Amino acid sequence: MAVDFTKDAHIVAVHGVQVSEDADITSDDSIRKLLKNSLSKSHIDRNFEVAGFFYEDINDEAQKYYQLLASAITKGNPLVGKGLKTFIDLSGDVVTAAKNTSTAKKIRNKLRKQILDSYNNGHQLVVVSHSLGTIYALDVVNDLIRDNNFFDGDDRTSWPVQGLITMGSPLGLEIDIGGLRVFEKRSIAAIPDADFELMPWHNYFNRLDPVVSGNVLGKPINLRGAKGPVEKRYGADTRASQWLLQGHAVTSGRQWIRAHTAYWRNPKIGDQLVTMLWG
Amino acid sequence: MNIKLLTFIVGVSVFAAGCVTHYRYESTGMVTSSSATESRALIYWFADEGGLWYDKDQAVLDSDVTMRVCGGLPKTFVPFGEDPGNLQIRSNSGDLQTVRIEADGDVVPLPEPGRLRVGEGTCGQIEVSRKQAVIKDLIVSVEPEIIILCKNNRDPASYPRGGRYKFAAVTRTTIKDDREPADFCNAE
């Protein structure tokens, strides 16, 4: 199946670390709103569908044993119990991705299937991802490029993913905790025979975002232009593999963890999506 | 126990909020669409100013400037070249360069539009006083010029017609909640 650019564009919104359930996640609503605003403010009409990619229930299922254990240990002390369970929920999501467990594979397979469902129906698609979700998104895009069935050089109708947006990504961090490399550097898959077309990867980051800087206290990153940790770590590799990695340093009036969640309300993300899909 | 925890959570929240003021910078102008009609356009970007939670002053700008065109598709000017980088629209898939900039700043059509590799060509730039602008040049009251160099046959709304466009003086607004730029299409 080939992409038909006259059909509705599809956007998949991939969330990051969560403490809720799939049903509570509103990443798709946020992206839909940004896109609608961008189009309506410019008085233009384009057809699109935004779908969320949710994997929190898969993570929760994998952490069930630890959550039961936490309940048992903290029985009679609900506040401590709540704290411990939240900690397990959050750190468990990160460990799952870092250790590349069978749960992580399950998540990647689900995302790959969701992307290919759109592709097999002829829709162009862009992936927007946040925080930990950027790792799954990058892995799946790389995986699809390595698959010989897709990405036939400059022919963008053979591209199941037309571009990637990452927001508040920890991909630039090199953290080693007791021998576990938490965000190990990914190898970037090259698109063979692409002379004019590059895989666009737009990375949005806030200098005060602790997930981007790796500084728990949220101290700002010192920048050169728009090159943050992700651009420094992946810039050379992406250039060598027919990718276009563009960093975008943003501000939000927020600090620390609130800077990490503010991307979902940044109108520039909506404008960038419109450009990537139709511009 | 509960009160201590609550105090801690409230303290951390206040602490983390700091006193940063969020600003939106904007400038509006008229551009010519590919169908030769005049359209309103707006460029915008954001900035933070104020004190961080640990009492350090902070004044930072977004790295790039976004342009919205009434009836057209948005474009982003990103810093390119030596740090801090001149603001440019880097070429997108299917972009064709239609005009070039002469040494004296005049914009002249190319005999044949040239196909550009994604990200490797310049399809637009911002100038202040006839010099390529970096983000810090775009201060309040400056009147920027936007130069468009490309078209895209896949979607005629992709770029305004190649040329040089004078924009109005840059303004700055303090943002409380809604970060969306003004409704420039309907502006008087």
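Glu180(B) sits in the segment that follows strand S14 (171-174) of chain B, where strands are DSSP runs of E of at least two residues, helices are runs of H or I of at least four, and both are numbered from the N terminus. The model is a predicted one, in which local features need pLDDT of at least 70 and side-chain atom pairs count only at pLDDT 80 or more, while totals for chains, interfaces and linings use all residues. Residues are numbered from 1 along each chain as its sequence is written, and chains are lettered from A and ligands numbered from 1 in the order in which they are written.

With 18 other C-beta atoms within 10 Å, Glu180(B) is partly exposed; a residue is buried at 20 or more such atoms, exposed at 12 or fewer, and partly exposed in between, with C-beta atoms placed from the backbone. Neighbours within four places in sequence aside, Glu180(B) is in contact with Asn37(A), Lys41(A) and Pro267(A), a contact being a pair of residues whose C-beta atoms, placed from the backbone, lie within 7 Å. Between Glu180(B) and Tyr159(B) there are 22 Å from C-alpha to C-alpha, at a sequence separation of 21 residues.

Turning to the chain as a whole, chain B contains 1 helix and 14 strands. Its radius of gyration, taken over C-alpha atoms, is 20 Å, well over the 16 Å given by the globule rule for 188 residues, so chain B is more spread out than a compact globule; the rule is 2.2 Å times the number of residues to the power 0.38. Along the principal axes, the C-alpha atoms of chain B fill a box of roughly 75 × 40 × 30 Å. Buried residues account for 39% of the 188 residues in chain B. Of the contacts in chain B with a separation of 6 or more, 59% join residues 24 or more positions apart.

The contact between the chains draws 50 residues from chain B and 39 residues from chain A. On the side of chain B that touches chain A, at least two residues each come from helix H1 (2-17) and from strands S1 (19-32), S2 (38-51), S3 (57-61), S4 (65-69) and S5 (75-80) of chain B. By class, this side of chain B holds 23 nonpolar, 15 polar and 12 charged residues. Here Ala, Val, Leu, Ile, Met, Phe, Trp, Tyr, Cys and Pro count as nonpolar, Asp, Glu, Lys and Arg as charged, and the others, Gly among them, as polar.

Conventions:
Contact = placed C-beta atoms within 7 Å.
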